[in-house]
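Here's a quick briefing to read alongside the model. Have the sequence and the 3D view open, and we'll go through it topic by topic.

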Amino acid sequence: MSGESGQPQAGPSHAGLYWQHPIRDQAGVPGGVIRRGPRHRSWIQKVIEQITGSPRQCITLSEVVPVTVLAVQRYLLEDEPRDTVPKPPLYCYDVTISDGVYQEKCYLDPSLNFLVYQNILKVGIEMRIFRVSCLYNEKRLGQGILCIDKAHCGEIRDVISVETPFRNREHEEKPERPLRGGRSHYLALWNNEDPYGDIWKTNKHPEEFNFNNIKIISLSHLELTWSTRKTFPALLVRILHKSKLRYYGKPNKKAIEPYQGFLEVADSSGMVSVIMWNAFCPEWYKSLRVGLALLLQNYSVKKSYPFRTKPEPVDPQMKQISTMEICLNLRDPPTNIVIIQEKQLKSEWKLPNLINRFITRSELEEMPENLICDVVGVLTFVGRVQRSKKKESSEDFWSYRWIHIIDWTSEKPFIVQLFSTSQPEVFENINPMTHFICTQLKVVRNNSQLPNLLYLTTTNESRMFIIGDDDDQPYMYESKVKRFTQWIKTKTDLEEKNAVIGGYYPYPPVPETFVKYSHRVKAESALSSISEVRKIIRDLQYREQKRIAIQGIITAIKYIPYNHADEGAPASETCQTGSQSLSSQAARCEGHSHERGSKRPQGDRPMVLSPFAKRKCLQGSSPHSVPEPHPQNSAHSKGNRSSTPEEESSRASASAKSRRMTDERWKSHLWREKKYSLRDHLQYSRVYPESIPRKFVLEHGKFLAQQYNFQPSKYIPPEGRVPKLDEFQSARSLGHFEVTILGLNHEIAIDVAFLPMYSPGDVQTYQVDTLLTCMNYSCVYPPEAPVGRRVPDPKAIADDIIKAASDLDRNHVICILDICNLGDNKVEVYLQRIYTPE
């Protein structure tokens, strides 16, 4: 084994260990930097030497040192002889690590994939690898892949160097290629819709074209003659719609880049669908935008697929050609495509202009369900990115976030469920106060339920634009876009303090009756037993959110006032002794150590703590420890100045009030009887800092956007001092409740969180009559109350809700719960609504 010295060959499965590769005195660094001089001994190099000198292909390492995770990259692995068990699409992960001397790209054994699913294995963390193996490419000489079989995932490192070179220069080559299989590229880490990596080109621009000797055919004429033609004249068309990407890769499909994208194009005679296939998508998809004029040559034509839903032409007089589709490929035949400059277009060609269907917020009230429309406005709320499974048994997810857009016609916002539109450069970088356009949105409404349902959602052809990024876009000439830009110049009260980012957002609203709720879900899954909740929670992946209904009895409720210093810990934990807190931290740390073939930790089962985990936890490095106080409340925030007697008195009064409010709780007699004889008690009432919506601070917009986006696939060095999330002011101040729900059989109980909300319109008259009616979904959280309008007293709200809960003593109720997996073993369960069985 150690005697093999063949050099790796180019190709998708190119990754080699360079078996006889000595430690070099100088090595290439990304960016062209050359590092010279003596090096410390590389731990990665030692591991390579151990595994290549071992008679076995798997070794337990005698020396384990911490390495840093710099990248976690996903791809689809096609069937290989080694894969003997039939399985759904198997996504594999390559993990790039650094020991401070070298970087190495390693293959993560699939039994450890759940570490990525739960966002435990992520970039920027310290990891210790205990066992490795090597996987050979039997079709090439001297090539093997270092595989991670057992590892412990630690905490985020404060200082990370990205200047270390790859030990294997093949891993530096562009475009990047996965270690295994025949795929030529990586996928986005959390969905399949977003283009990811360096195979996606953006260098196609309009150019001047010589139309001499070019024969052009109209779409309507092509429709009549395509089935009898062998060659097709050129098409001159305008792009009216562009779909998001579709990735159709499967383990048994051999397409190297299995992508599909749709364009709806038109000339003076009609509109037709154009399909971009496979490698054509990375080459052209990002460069083709709505409104461009194209000259298409060497395309192919096929019969139209009858079941695809196509967008309707905005112009009702435009003919929609549905009998054929135009196909674009880089081969068979290789399509020639030219983006034509607008100044070259002749009026006699009569290419249709791009027509939008902008509506205002006041007009939305009268719009029918399923209407397709466009909106323009300023963002006042940008929620965190979430995921939902495409199918229950699927490994594929949709990515989405909720946003609020306001315009000049109403104080009410457009509420938009914004799914990924294959525009990650926009989707991941929208912030409150951004001037924003979104096209091809669908109206979702239901006036027969309370509260009324009215929001917009993206379609397959939706596109997003940030006004100012590219002001030559065709939409800038629309009358309502011009009206918006005029209004925003004169608007002075859209202050930063009214903008909100991130946090838990409970939308869409739950109907007022369980019958209506049941109609919106599958009949067989309308109710879950309380004994199933743990399994449902265990199966959720990072940023996945699921809504379920359970039956039970409200047996206890406790009010937790908002205090940023206690974010992430319920009141019961803030009173723990130091030793109790350390032991709970240690239990969490141990849950991050895993090996090939091991199963995921089941629930809260205690585990033996490794010396490394104990040491890290005792050093107070757990990310779950109680956050530091807000800098404004710190003695260091204003030059260590002494507090005045008035300030000391005010703080003492606030502290006493906080203690009184924390003591407000109610426990039923039933709970006192049953709580010590339970078979299981699930505790998920914790509200983590990531679930607190924050007032947006423009200066730290990039940092806040990163906190509420997905974990990146590659480590991004921070710019300057990195703040903490709990340093940013909360956009809500009502606190939350811990609600205990006892199962009907009195064997299992679950603690959940309840967040009361109110809207600006409710500020003056707000009161909670019963726990059944205290949920209001009309907005996220209000800005500061206008002068003369009363802000609800959290103390009064707590009293009312606790009294309402006591009225439900021993009543059987149906509870609607939202379960949110924040990753890194952090799960929250929120009480959304309570029904009394009819």
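Does Phe703 count as buried or exposed, going by its relative accessibility? It counts as buried, because its relative accessibility is 12%. Keep in mind that this is a predicted model.

- H15 covers residues 701-708, and its buried residues are Gly701, Phe703, Leu704, Ala705 and Tyr708.
- Those buried residues pack against three strands: E19 (397-406), E23 (500-501) and E28 (694-695).
- Phe728 is buried too, with a relative accessible area of 6%.
- The rings of Phe703 and Phe728 have centres 5.7 Å apart and planes at 25°, so this pair is stacked.
- The pair links distant parts of the chain, 25 residues apart: Phe703 sits in helix H15, and Phe728 in the loop between H15 and strand E29 (736-742).

- The structure holds 28 aromatic pairs.
- One of them is Phe211 with Trp349: the ring centres are 5.0 Å apart and the planes are at 55°, so the pair is tilted.
- Phe211 lies in the loop between E8 and H3, and Trp349 in the loop between strand E16 (336-340) and helix H5 (361-364), so the pair ties together parts that are 138 residues apart in sequence.
- Phe211 is buried at 17% relative accessible area, while Trp349 is partly exposed at 22%.
- There's also an aromatic cluster, formed by Phe381, Trp402, Tyr455, Tyr505 and Tyr507.

**Helix H7, one face in and the other out**

- H7 runs over residues 479-490, and its length checks out: 12 residues at 1.5 Å a residue should span 16 Å, and the end C-alpha atoms are 17 Å apart, which agrees.
- Val481, Phe484, Trp487 and Ile488 are the buried residues of H7.
- Looking down the axis of H7, these buried residues fall within an arc of 125°, so they line one face of the helix.
- The buried residues of H7 pack against strands E17 (372-382), E19 and E21 (435-446).

**Lys204 in its loop**

- Lys204 is found in the loop between strand E8 (144-156) and helix H3 (219-225).
- Leaving aside residues up to four places away in sequence, Lys204 touches Glu283, Trp284, Ser287 and Ile339.
- With Glu283 there is a polar contact, side chain to side chain, at 2.7 Å.
- Lys204 and Val338 are 134 residues apart in sequence, yet their C-alpha atoms are 8.8 Å apart in space.

- Searching the whole structure turns up 0 disulfides.

How values were computed
Residues numbered from 1 in each chain as written. Predicted model: local features only at pLDDT ≥ 70, side-chain atom pairs only at ≥ 80, totals over all residues. Heavy atoms only, no water. Buried < 20%, exposed > 50% of the residue type's maximum accessible area, 1.4 Å probe, protein only. Helix = DSSP H or I, 4+ residues; strand = E, 2+ residues; numbered from the N terminus. Contact = heavy atoms within 4.5 Å. Disulfide = S-S within 2.5 Å. Polar contact = N/O pair within 3.5 Å; in protein donor to acceptor, adjacent residues only side chain to side chain. Expected span 1.5 Å × (residues − 1). Arc of directions from axis to C-beta. Phe/Tyr/Trp six-rings, centres within 6.5 Å; stacked < 30°, edge-to-face > 60°.
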